[in-house]
Amino acid sequence: MATEELRAWQARMGLSGRGAARLLGMPVNTYIDRVNGTCHSNSRPVVVSRTLTLACAALEAASLLSDSRQP
């Protein structure tokens with residue numbers, strides 16, 4: 001997942017950066033680093049890990065499933 005895709009996931013889920021970080025169980029600064037693609041403390045590039053990608057996909061699938069079950 002590229003940083004643009006992470007931003008798009010956040011928008012589809014209707015989350016703020018803080019809300020996305022909370023839902024993913026990670027510190028806000030860590031999440032923002034992934035969205036920006038760089039580490040805030042040393043400006044080195046960071047990537048969105050496969051684990052984070054899978055977590056986003058699972059959360060979105062669960063959200064879509066619960067939405068489809070609403071009357």
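Predicted model: local features only at pLDDT ≥ 70, side-chain atom pairs only at ≥ 80, totals over all residues.
Local features need pLDDT of at least 70 and side-chain atom pairs count only at pLDDT 80 or more, while totals for chains, interfaces and linings use all residues. Residues are numbered from 1 along each chain as its sequence is written, and side-chain values use heavy atoms, leaving out hydrogens and water.

**Helices H2 and H3**

- Helices here are DSSP runs (H or I, at least four residues), numbered from the N terminus.
- H2 spans residues 17-24 and H3 spans residues 28-36.
- Their axes, lines fitted to C-alpha atoms over the stretch in contact, come within 9 Å and cross at roughly 110°.
- That makes H2 roughly perpendicular to H3 (65 to 115 degrees, with angles running from 0 to 180 degrees between N-to-C directions).
- Gly17, Arg18, Ala20, Ala21 and Leu24 in H2 contact (heavy atoms within 4.5 Å) Val28, Tyr31 and Ile32 in H3.

**Burial and the end of H2**

- Gly17, Gly19, Ala20, Ala21 and Leu24 are the buried residues of H2 (under 20% relative accessible area, 1.4 Å probe, protein chains only).
- Gly25 follows H2 and has a positive phi, near 70°.

**Salt bridge**

- The structure holds one salt bridge (a side-chain nitrogen of Lys or Arg within 4 Å of a carboxyl oxygen of Asp or Glu).
- Glu60 pairs with Arg12, with the closest N and O atoms 2.7 Å apart.
- The pair links distant parts of the chain: Glu60 lies in H4 (residues 50-68) and Arg12 in H1 (residues 3-13), 48 residues apart.
- Glu60 is buried, at 16% relative accessible area.
- Arg12 is exposed (over 50%), at 52%.

How values were computed
Helix = DSSP H or I, 4+ residues; strand = E, 2+ residues; numbered from the N terminus. Parallel < 35°, antiparallel > 145°, perpendicular 65-115°, else oblique.
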